[in-house]
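Here is a short briefing on one protein model. Look over the sequence and the fold, then read on by topic.

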Amino acid sequence: MSRFLSLFVFCFLFLPQLAGAAPTTLAGTVLWIYDGDTIKVEQIGKVRLIGIDTPEKEDSERDRYYLKQGIRRDRLRSIADEAQQFLIKKAKGQHVTLHTDLEERDRHGRLLAYVYLPDSRLINQMLLEEGLAAVYRKFEFRLKEDFLATESRARKKQIGLWQE
């Protein structure tokens with residue numbers, strides 16, 4: 001029975017990845033928070049929260065989008081720290097569920113995933129709600145329209161990144 005169960009789990013989790021098939025569901029405990037949009041999950045490794053982008057900890061070329069939005073560099077560094085602290089508070093040590101999307105990995109080899117907390121809240125979207133992230137517009141993903149609407153609400157409330 002144990003051998004059968006192991007084979008079933010392997011087939012369910014890994015064969016779709018090898019075949020480039022449909023989105024995958026995984027789970028594990030969040031061990032580390034690298035920054036506002038990248039975490040480490042037990043037995044999975046680095047996970048990039050799909051569909052969002054948080055500012056970098058230090059000045060970067062990636063600041064261009066935010067600077068065009070009228071957000072000052074010092075505000076970006078502050079939001080970078082707030083986003084990381086938010087993830088530490090909400091996700092570190094939590095057993096999360098991960099759902100992949102159209103692309104499973106980014107160019108750095110990180111798993112791209114929607115990260116759901118034990119209470120079923122989507123941490124990617126929570127960061128947008130708090131104004132701690134912007135929608136990553138460069139690539140397509142299933143929840144893009146929902147994420148854009150969430151970001152728009154945060155902009156209207158003028159919270160986080162969108163404070164004047």
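**Briefing: core, pocket and selected residues**

Leaving aside neighbours within four places in sequence, Leu 127 is in contact with Gly 36, Leu 49, Ile 52, Ala 83, Phe 86, Leu 87, Leu 132 and Ala 133. The model is predicted. Leu 127 also belongs to the largest nonpolar core, where it is one of the residues with the most contacts.

**Nonpolar core**

- The largest nonpolar core holds 40 residues.
- Ile 39, Leu 98, Leu 127 and Phe 147 have the most contacts inside this core.
- Helix α3, residues 73–91, gives the most to the core, with six residues.

**Largest pocket**

- The largest pocket has a volume of about 920 Å³.
- It is lined by 31 residues, and the closest to its centre are Arg 48, Arg 62, Tyr 136, Lys 138 and Phe 139.
- The largest share of the lining comes from α2, with four residues.
- By class, the lining has 17 charged, eleven nonpolar and three polar residues.

**Asp 101**

- Asp 101 sits in the loop between β5 (95–99) and β6 (111–116).
- Is Asp 101 buried or exposed? Asp 101 is buried, because its relative accessible area is 3% and buried means under 20%.
- The side chains of Asp 101 and Tyr 114 are joined by a polar contact of 2.3 Å.
- Not counting residues up to four places away in sequence, Asp 101 touches Pro 23, Ile 50, Leu 112, Tyr 114, Phe 141, Arg 142 and Leu 143.

**Loop between β4 and α2: Lys 57 and Asp 63**

- Lys 57 lies in the loop between β4 (52–53) and α2. Asp 63 lies in the loop between β4 and α2 as well.
- Lys 57 is partly exposed, with a relative accessible area of 47%. Asp 63 counts as buried, at 1% relative accessibility.
- The side chain of Lys 57 reaches the backbone oxygen of Tyr 34 at 2.9 Å.
- Beyond its neighbours within four places in sequence, Lys 57 is in contact with Tyr 34, Asp 35, Arg 77, Ala 80 and Gln 84.
- Lys 57 and Ile 79 are 22 residues apart in sequence. From C-alpha to C-alpha, Lys 57 and Ile 79 are 8.7 Å apart in space.
- Asp 63 is in contact with Arg 73, Leu 76 and Arg 77, leaving aside neighbours within four places in sequence.

**Positive phi angles**

- Most residues other than glycine have a negative phi.
- Which phi does Gln 43 have? Gln 43 has a positive phi of about 60 degrees, although it is not a glycine.
- Gln 43 is placed in the loop between β2 (38–41) and β3. Gln 43 is exposed, because its relative accessible area is 84% and exposed means over 50%.
- Gln 158 is not a glycine either, and has a positive phi of about 55 degrees.
- Where is Gln 158 placed? Gln 158 is in the segment after α5 (144–157).
- Gln 158 counts as partly exposed, at 37% relative accessibility.

Technical notes: Residues numbered from 1 in each chain as written. Predicted model: local features only at pLDDT ≥ 70, side-chain atom pairs only at ≥ 80, totals over all residues. Heavy atoms only, no water. Core = buried A, V, L, I, M, F, W, Y, C linked by side-chain atoms within 4.5 Å. Buried < 20%, exposed > 50% of the residue type's maximum accessible area, 1.4 Å probe, protein only. Helix = DSSP H or I, 4+ residues; strand = E, 2+ residues; numbered from the N terminus. Contact = heavy atoms within 4.5 Å. Polar contact = N/O pair within 3.5 Å; in protein donor to acceptor, adjacent residues only side chain to side chain. 1 Å grid on protein atoms, 1.4 Å probe; cavity = no way out; pocket = protein on both sides within 12 Å on 5 of 7 lines; lining within 4 Å. Points joined across faces, edges and corners; volume = space filled by probe spheres on them. Nonpolar A, V, L, I, M, F, W, Y, C, P; charged D, E, K, R; others polar.
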